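Subject: Structure handover

Hello,

Here is the structure I promised to pass on. Please open it first, then read the notes below it.

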Amino acid sequence: MSVIAITVFSPFYRKGNWGSGGFSLLSELKLAVPWGHIAAKAWGSQQAHPVLCLHGWLDNANSFDRLIPLLPKDFHYVAVDFGGHGLSSHYSPGVPYYQENFVSDIRRVVAALKWKRFSIMGHSFGGMVGGMFSSIYPEMVDKLILLDTLPFALDAKGVEEVLTYKRGAIEHMLQTEASQKPRQVVSPEEMLQRFLKNNSHVSEECARLLLQRGTTEVATGLIMNRDRRLALPEYSMDFISRELFVHSAKKLQAHVLLLKAIQGYYNVRRENDSDRNVMLFAIDMLKSVLKERFQYIQVPDNHYVHLNQPQNVAGIISTFLLSKETAPHEP
(Lines give C-alpha, C1' and ligand atoms only; values in the text may rest on other atoms or scores of the structure.)
Protein backbone atom coordinates (compact mmCIF):
# COMPACT_ATOMS: atom_id res chain seq x y z
CA MET A 1 0.00 0.00 0.00
CA SER A 2 1.44 3.38 -1.00
CA VAL A 3 1.15 6.70 0.84
CA ILE A 4 1.21 10.05 -0.93
CA ALA A 5 0.81 13.61 0.35
CA ILE A 6 -1.79 15.93 -1.19
CA THR A 7 -3.29 19.38 -0.66
CA VAL A 8 -7.04 19.95 -0.53
CA PHE A 9 -9.08 23.16 -0.75
CA SER A 10 -12.75 23.85 -0.02
CA PRO A 11 -15.14 26.83 0.05
CA PHE A 12 -15.37 26.25 3.81
CA TYR A 13 -11.60 26.41 4.36
CA ARG A 14 -10.36 29.32 6.44
CA LYS A 15 -6.83 29.94 7.67
CA GLY A 16 -6.48 29.31 11.36
CA ASN A 17 -8.56 26.14 11.42
CA TRP A 18 -5.55 24.17 12.58
CA GLY A 19 -5.24 26.02 15.87
CA SER A 20 -2.35 27.97 17.34
CA GLY A 21 0.80 27.37 19.31
CA GLY A 22 2.95 26.36 16.34
CA PHE A 23 1.32 22.93 16.02
CA SER A 24 0.28 22.93 12.37
CA LEU A 25 -1.13 20.38 10.00
CA LEU A 26 1.76 18.36 8.63
CA SER A 27 0.14 16.90 5.53
CA GLU A 28 -2.89 15.44 3.84
CA LEU A 29 -2.46 11.76 3.01
CA LYS A 30 -3.94 9.33 0.51
CA LEU A 31 -3.47 5.65 1.36
CA ALA A 32 -4.02 3.31 -1.56
CA VAL A 33 -6.60 0.51 -1.08
CA PRO A 34 -8.08 -1.95 -3.60
CA TRP A 35 -11.19 0.21 -4.15
CA GLY A 36 -9.39 3.57 -4.31
CA HIS A 37 -7.89 5.40 -1.34
CA ILE A 38 -8.35 6.22 2.33
CA ALA A 39 -7.80 9.90 3.04
CA ALA A 40 -6.13 11.12 6.21
CA LYS A 41 -4.46 14.16 7.72
CA ALA A 42 -1.44 14.24 9.99
CA TRP A 43 0.00 16.53 12.66
CA GLY A 44 3.36 16.41 14.41
CA SER A 45 6.61 14.58 13.82
CA GLN A 46 6.45 11.20 12.12
CA GLN A 47 9.15 10.04 14.55
CA ALA A 48 6.85 10.60 17.55
CA HIS A 49 4.53 7.98 19.06
CA PRO A 50 1.47 7.65 16.79
CA VAL A 51 -2.15 8.34 17.72
CA LEU A 52 -4.86 7.25 15.27
CA CYS A 53 -7.99 9.45 15.42
CA LEU A 54 -11.33 7.97 14.32
CA HIS A 55 -14.35 10.18 13.66
CA GLY A 56 -18.03 9.48 14.29
CA TRP A 57 -20.79 8.36 11.94
CA LEU A 58 -21.21 10.62 8.86
CA ASP A 59 -18.45 12.95 10.13
CA ASN A 60 -14.88 13.16 8.83
CA ALA A 61 -11.29 13.74 9.93
CA ASN A 62 -11.93 17.45 10.53
CA SER A 63 -13.77 16.34 13.66
CA PHE A 64 -10.39 16.61 15.44
CA ASP A 65 -9.21 19.96 14.03
CA ARG A 66 -9.95 21.95 17.17
CA LEU A 67 -8.78 19.31 19.67
CA ILE A 68 -5.43 18.14 18.32
CA PRO A 69 -3.74 21.58 18.47
CA LEU A 70 -4.45 21.55 22.23
CA LEU A 71 -2.80 18.16 22.79
CA PRO A 72 0.88 17.40 23.53
CA LYS A 73 3.30 18.00 20.69
CA ASP A 74 5.13 14.80 21.65
CA PHE A 75 2.88 12.65 19.44
CA HIS A 76 2.17 12.05 15.76
CA TYR A 77 -1.59 12.36 15.21
CA VAL A 78 -3.28 10.90 12.12
CA ALA A 79 -7.00 11.40 11.59
CA VAL A 80 -8.57 9.27 8.87
CA ASP A 81 -11.75 9.53 6.85
CA PHE A 82 -13.59 6.22 6.99
CA GLY A 83 -14.52 4.76 3.63
CA GLY A 84 -17.45 6.63 2.08
CA HIS A 85 -16.81 9.65 4.33
CA GLY A 86 -14.90 12.90 3.84
CA LEU A 87 -12.28 12.62 1.10
CA SER A 88 -12.00 8.81 1.13
CA SER A 89 -13.17 6.67 -1.76
CA HIS A 90 -16.58 5.07 -1.59
CA TYR A 91 -16.66 1.30 -1.19
CA SER A 92 -17.03 -0.68 -4.39
CA PRO A 93 -20.58 -1.31 -5.68
CA GLY A 94 -22.32 -4.06 -3.74
CA VAL A 95 -20.04 -3.79 -0.70
CA PRO A 96 -21.91 -2.80 2.49
CA TYR A 97 -20.65 -0.38 5.13
CA TYR A 98 -20.37 -2.77 8.06
CA GLN A 99 -18.39 -1.97 11.20
CA GLU A 100 -16.10 -4.93 10.61
CA ASN A 101 -15.07 -3.42 7.27
CA PHE A 102 -14.01 -0.20 9.00
CA VAL A 103 -11.96 -2.27 11.46
CA SER A 104 -10.27 -3.91 8.49
CA ASP A 105 -9.57 -0.46 7.06
CA ILE A 106 -7.67 0.47 10.24
CA ARG A 107 -5.44 -2.55 9.74
CA ARG A 108 -4.72 -1.40 6.20
CA VAL A 109 -3.93 2.13 7.39
CA VAL A 110 -1.48 1.12 10.11
CA ALA A 111 0.19 -1.34 7.73
CA ALA A 112 0.70 1.45 5.21
CA LEU A 113 2.08 3.74 7.92
CA LYS A 114 4.27 0.92 9.25
CA TRP A 115 3.02 1.29 12.81
CA LYS A 116 3.65 -1.60 15.15
CA ARG A 117 2.17 -0.08 18.30
CA PHE A 118 0.04 3.03 18.66
CA SER A 119 -2.80 4.73 20.53
CA ILE A 120 -6.38 5.21 19.32
CA MET A 121 -8.73 8.12 19.97
CA GLY A 122 -12.27 7.60 18.73
CA HIS A 123 -15.44 9.66 18.86
CA SER A 124 -18.85 7.96 18.89
CA PHE A 125 -18.93 5.26 16.16
CA GLY A 126 -15.18 5.73 15.71
CA GLY A 127 -14.65 4.71 19.32
CA MET A 128 -16.54 1.47 18.75
CA VAL A 129 -14.47 0.74 15.66
CA GLY A 130 -11.33 1.49 17.66
CA GLY A 131 -12.51 -0.68 20.54
CA MET A 132 -13.20 -3.63 18.27
CA PHE A 133 -9.78 -3.25 16.64
CA SER A 134 -8.14 -3.07 20.08
CA SER A 135 -9.70 -6.37 21.13
CA ILE A 136 -8.87 -8.12 17.84
CA TYR A 137 -5.30 -6.74 17.74
CA PRO A 138 -4.64 -6.12 21.46
CA GLU A 139 -0.86 -6.19 21.11
CA MET A 140 -0.93 -3.20 18.75
CA VAL A 141 -2.85 -0.68 20.89
CA ASP A 142 -1.34 0.78 24.07
CA LYS A 143 -4.03 3.38 24.85
CA LEU A 144 -7.66 3.77 23.85
CA ILE A 145 -9.46 7.10 24.27
CA LEU A 146 -13.25 6.95 23.95
CA LEU A 147 -15.03 10.25 23.34
CA ASP A 148 -18.65 9.88 24.52
CA THR A 149 -18.89 6.27 23.42
CA LEU A 150 -18.34 2.68 24.51
CA PRO A 151 -15.61 0.43 23.12
CA PHE A 152 -18.15 -2.05 21.77
CA ALA A 153 -21.66 -1.70 20.35
CA LEU A 154 -23.77 -2.63 23.35
CA ASP A 155 -27.34 -1.38 22.95
CA ALA A 156 -30.51 -2.00 24.91
CA LYS A 157 -32.30 -3.12 21.75
CA GLY A 158 -29.34 -3.95 19.54
CA VAL A 159 -29.10 -7.70 20.03
CA GLU A 160 -32.88 -8.13 19.98
CA GLU A 161 -33.30 -6.16 16.79
CA VAL A 162 -30.06 -7.07 15.03
CA LEU A 163 -31.88 -9.03 12.31
CA THR A 164 -34.20 -6.09 11.69
CA TYR A 165 -31.17 -3.82 11.35
CA LYS A 166 -29.45 -6.22 8.96
CA ARG A 167 -32.56 -6.43 6.81
CA GLY A 168 -32.84 -2.64 6.79
CA ALA A 169 -29.20 -2.31 5.76
CA ILE A 170 -29.62 -4.70 2.83
CA GLU A 171 -32.84 -3.08 1.62
CA HIS A 172 -31.39 0.42 1.88
CA MET A 173 -28.31 -0.57 -0.11
CA LEU A 174 -30.39 -2.17 -2.86
CA GLN A 175 -32.71 0.82 -3.07
CA THR A 176 -29.80 3.25 -3.25
CA GLU A 177 -28.10 1.23 -5.97
CA ALA A 178 -31.32 1.13 -7.99
CA SER A 179 -31.92 4.86 -7.66
CA GLN A 180 -30.93 7.03 -10.62
CA LYS A 181 -31.50 10.25 -8.67
CA PRO A 182 -28.54 12.62 -9.16
CA ARG A 183 -26.76 14.15 -6.21
CA GLN A 184 -28.40 17.36 -5.03
CA VAL A 185 -26.44 20.56 -5.63
CA VAL A 186 -27.04 23.44 -3.20
CA SER A 187 -25.37 26.74 -2.35
CA PRO A 188 -22.76 26.85 0.44
CA GLU A 189 -25.12 28.81 2.70
CA GLU A 190 -28.01 26.41 2.13
CA MET A 191 -25.69 23.47 2.77
CA LEU A 192 -24.60 25.04 6.05
CA GLN A 193 -28.17 25.76 7.20
CA ARG A 194 -29.31 22.23 6.35
CA PHE A 195 -26.41 20.80 8.30
CA LEU A 196 -27.15 22.95 11.33
CA LYS A 197 -30.84 22.01 11.20
CA ASN A 198 -29.97 18.30 11.24
CA ASN A 199 -27.16 18.70 13.79
CA SER A 200 -28.40 21.20 16.35
CA HIS A 201 -25.70 20.14 18.84
CA VAL A 202 -22.91 21.39 16.53
CA SER A 203 -21.94 25.08 16.45
CA GLU A 204 -21.76 27.00 13.17
CA GLU A 205 -17.97 27.15 13.33
CA CYS A 206 -17.76 23.40 13.83
CA ALA A 207 -20.32 22.77 11.10
CA ARG A 208 -18.11 24.71 8.68
CA LEU A 209 -15.15 22.54 9.66
CA LEU A 210 -17.02 19.32 8.95
CA LEU A 211 -18.47 20.65 5.69
CA GLN A 212 -15.02 21.80 4.59
CA ARG A 213 -14.04 18.15 4.21
CA GLY A 214 -17.51 16.73 3.66
CA THR A 215 -18.44 18.62 0.50
CA THR A 216 -17.13 19.17 -3.01
CA GLU A 217 -17.57 22.33 -5.07
CA VAL A 218 -19.15 21.93 -8.52
CA ALA A 219 -20.12 24.50 -11.12
CA THR A 220 -23.47 25.42 -9.53
CA GLY A 221 -22.82 24.87 -5.82
CA LEU A 222 -21.83 22.07 -3.45
CA ILE A 223 -22.53 18.36 -3.19
CA MET A 224 -22.06 16.09 -0.20
CA ASN A 225 -19.08 13.73 -0.45
CA ARG A 226 -20.37 10.85 1.63
CA ASP A 227 -21.73 7.70 0.03
CA ARG A 228 -25.51 7.66 -0.15
CA ARG A 229 -25.42 4.00 0.90
CA LEU A 230 -24.56 5.25 4.39
CA ALA A 231 -27.79 5.37 6.36
CA LEU A 232 -28.63 4.75 10.02
CA PRO A 233 -25.60 3.82 12.14
CA GLU A 234 -27.59 0.85 13.48
CA TYR A 235 -27.41 -0.64 9.98
CA SER A 236 -23.61 -0.81 10.21
CA MET A 237 -22.91 -1.45 13.89
CA ASP A 238 -21.93 -4.91 15.10
CA PHE A 239 -24.05 -5.20 18.23
CA ILE A 240 -22.85 -7.73 20.77
CA SER A 241 -24.30 -9.43 23.82
CA ARG A 242 -23.22 -8.62 27.36
CA GLU A 243 -21.36 -11.91 27.47
CA LEU A 244 -19.36 -11.01 24.36
CA PHE A 245 -18.81 -7.49 25.74
CA VAL A 246 -17.08 -9.02 28.77
CA HIS A 247 -15.05 -11.39 26.60
CA SER A 248 -13.95 -8.53 24.32
CA ALA A 249 -13.02 -6.33 27.29
CA LYS A 250 -10.83 -9.10 28.68
CA LYS A 251 -8.88 -9.16 25.42
CA LEU A 252 -7.91 -5.50 25.72
CA GLN A 253 -4.29 -4.81 26.66
CA ALA A 254 -4.65 -1.05 26.34
CA HIS A 255 -5.21 1.52 29.06
CA VAL A 256 -8.65 2.97 28.42
CA LEU A 257 -9.97 6.49 29.03
CA LEU A 258 -13.72 6.97 28.62
CA LEU A 259 -14.93 10.57 28.56
CA LYS A 260 -18.71 10.82 28.81
CA ALA A 261 -20.35 14.13 27.94
CA ILE A 262 -22.95 15.08 30.54
CA GLN A 263 -25.34 16.16 27.77
CA GLY A 264 -24.01 13.51 25.42
CA TYR A 265 -24.98 10.47 23.40
CA TYR A 266 -27.63 9.06 25.69
CA ASN A 267 -29.20 12.48 26.12
CA VAL A 268 -29.43 12.86 22.35
CA ARG A 269 -31.26 9.53 22.37
CA ARG A 270 -33.63 10.75 25.09
CA GLU A 271 -32.09 8.60 27.77
CA ASN A 272 -34.35 5.98 29.32
CA ASP A 273 -33.94 3.22 31.90
CA SER A 274 -32.74 0.69 29.31
CA ASP A 275 -30.04 3.04 28.02
CA ARG A 276 -28.94 3.88 31.56
CA ASN A 277 -28.73 0.20 32.43
CA VAL A 278 -26.54 -0.44 29.39
CA MET A 279 -24.16 2.39 30.34
CA LEU A 280 -24.01 1.33 33.99
CA PHE A 281 -23.29 -2.27 33.01
CA ALA A 282 -20.55 -1.22 30.59
CA ILE A 283 -18.84 1.12 33.05
CA ASP A 284 -18.99 -1.38 35.91
CA MET A 285 -17.71 -4.19 33.71
CA LEU A 286 -14.82 -2.15 32.32
CA LYS A 287 -13.84 -1.15 35.86
CA SER A 288 -14.02 -4.78 36.98
CA VAL A 289 -12.05 -6.20 34.05
CA LEU A 290 -9.48 -3.46 33.41
CA LYS A 291 -9.09 -2.25 37.00
CA GLU A 292 -6.41 0.47 37.18
CA ARG A 293 -6.16 0.48 33.38
CA PHE A 294 -9.61 2.10 33.12
CA GLN A 295 -10.52 5.73 33.74
CA TYR A 296 -14.06 7.10 33.50
CA ILE A 297 -14.61 10.87 33.62
CA GLN A 298 -17.73 12.94 32.95
CA VAL A 299 -17.25 16.31 31.23
CA PRO A 300 -19.64 19.20 30.51
CA ASP A 301 -21.18 19.82 27.06
CA ASN A 302 -22.77 17.53 24.49
CA HIS A 303 -21.87 14.60 22.23
CA TYR A 304 -19.51 16.82 20.21
CA VAL A 305 -17.66 18.21 23.22
CA HIS A 306 -14.27 17.46 21.61
CA LEU A 307 -15.23 19.70 18.70
CA ASN A 308 -17.46 22.34 20.33
CA GLN A 309 -15.50 22.77 23.56
CA PRO A 310 -12.18 20.96 23.11
CA GLN A 311 -10.72 22.72 26.16
CA ASN A 312 -13.12 20.65 28.31
CA VAL A 313 -11.30 17.44 27.38
CA ALA A 314 -7.84 18.45 26.14
CA GLY A 315 -6.21 18.53 29.58
CA ILE A 316 -7.60 15.14 30.57
CA ILE A 317 -6.55 13.55 27.29
CA SER A 318 -3.09 15.14 27.46
CA THR A 319 -2.47 13.76 30.96
CA PHE A 320 -3.61 10.32 29.82
CA LEU A 321 -1.41 10.32 26.71
CA LEU A 322 1.64 11.47 28.66
CA SER A 323 1.21 8.91 31.45
CA LYS A 324 3.95 6.31 31.45
CA GLU A 325 1.88 3.21 32.09
CA THR A 326 2.43 0.47 29.57
CA ALA A 327 -0.24 -1.98 28.52
CA PRO A 328 0.23 -5.51 29.86
CA HIS A 329 0.94 -8.33 27.50
CA GLU A 330 -0.84 -11.65 27.59
CA PRO A 331 1.39 -14.50 28.71
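Helix 5 is mostly covered: eight of its 11 residues are buried. Buried means under 20% relative accessible area, exposed means over 50%, and partly exposed lies in between, with a 1.4 Å probe and protein chains only. The buried residues are C206, A207, L209, L210, L211, Q212, R213 and G214. Helices here are DSSP runs of H or I with at least four residues, strands are runs of E with at least two, and both are numbered from the N terminus.

Before going on, a word on the source. The model is predicted, so local features need pLDDT of at least 70 and side-chain atom pairs count only at pLDDT 80 or more, while totals for chains, interfaces and linings use all residues. Residues are numbered from 1 along each chain as its sequence is written, and side-chain values use heavy atoms, with hydrogens and water left out.

How do helix 4 and helix 5 pack? Helix 4 covers residues 188-198 and helix 5 covers residues 204-214. Their angle is about 115°, and their axes are 10 Å apart. Axes are lines fitted to C-alpha atoms, for helices over the stretch in contact, and angles run from 0 to 180 degrees between N-to-C directions. From helix 4, the contact uses E189, M191, L192, F195 and L196. From helix 5 come E204, A207, R208, L210 and L211. Contact means heavy atoms within 4.5 Å. By class, this contact has seven nonpolar, no polar and three charged residues. Nonpolar covers Ala, Val, Leu, Ile, Met, Phe, Trp, Tyr, Cys and Pro; charged covers Asp, Glu, Lys and Arg; the others, Gly among them, are polar.

H201 is in the loop between helix 4 and helix 5. H201 counts as partly exposed because its relative accessibility is 22%. Leaving aside neighbours within four places in sequence, H201 is in contact with N302, Y304 and N308. The C-alpha atoms of H201 and V305 are separated by 9.4 Å, although these residues are 104 apart along the chain.

**The whole chain**

The protein chain has 10 helices and 11 strands. Of its 331 residues, 53% count as buried. Take the contacts between residues at least 6 apart in sequence: 77% of them join residues at least 24 apart.

**Cores**

The largest nonpolar core has 56 residues. A nonpolar core is a set of buried Ala, Val, Leu, Ile, Met, Phe, Trp, Tyr and Cys residues joined through side-chain atoms within 4.5 Å. L52, F118, F133 and F245 have the most contacts inside this core. Helix 8 (residues 273-290) gives the most to it, with eight residues. Apart from it lies another core, of 24 residues, among them V51, L67, F75 and V313.

F133 is in contact with V103, I106, R107, V110, F118, I120, M140 and V141, leaving aside neighbours within four places in sequence.

V313 is in helix 10 (residues 311-322). V313 counts as buried because its relative accessible area is 0%. Not counting residues up to four places away in sequence, V313 touches L67, L259, V299, V305 and H306.

**Aromatic pairs**

A search of the whole structure finds 16 aromatic pairs. Rings of Phe, Tyr and Trp (its six-membered ring) pair if their centres lie within 6.5 Å; planes under 30 degrees apart are stacked, over 60 edge-to-face, and the rest tilted. F75 and Y77 form a tilted pair, 6.2 Å centre to centre with 55° between the planes. Both are buried. W115 and F118 form a tilted pair too, at 5.5 Å centre to centre and 45° between the planes. W115 and F118 are buried. Ring pairs also link W35, W57, F82, Y91, Y97, F102 and F125 into a cluster.

**Positive phi**

Most residues other than glycine have a negative phi. L58 is not a glycine, yet its phi is positive, about 65°. L58 is in the loop between strand 4 (49-54) and strand 5 (75-80). With a relative accessible area of 26%, L58 is partly exposed. D301 is also a residue other than glycine with a positive phi, near 100°. D301 lies in strand 11 (residues 294-302).

Best wishes
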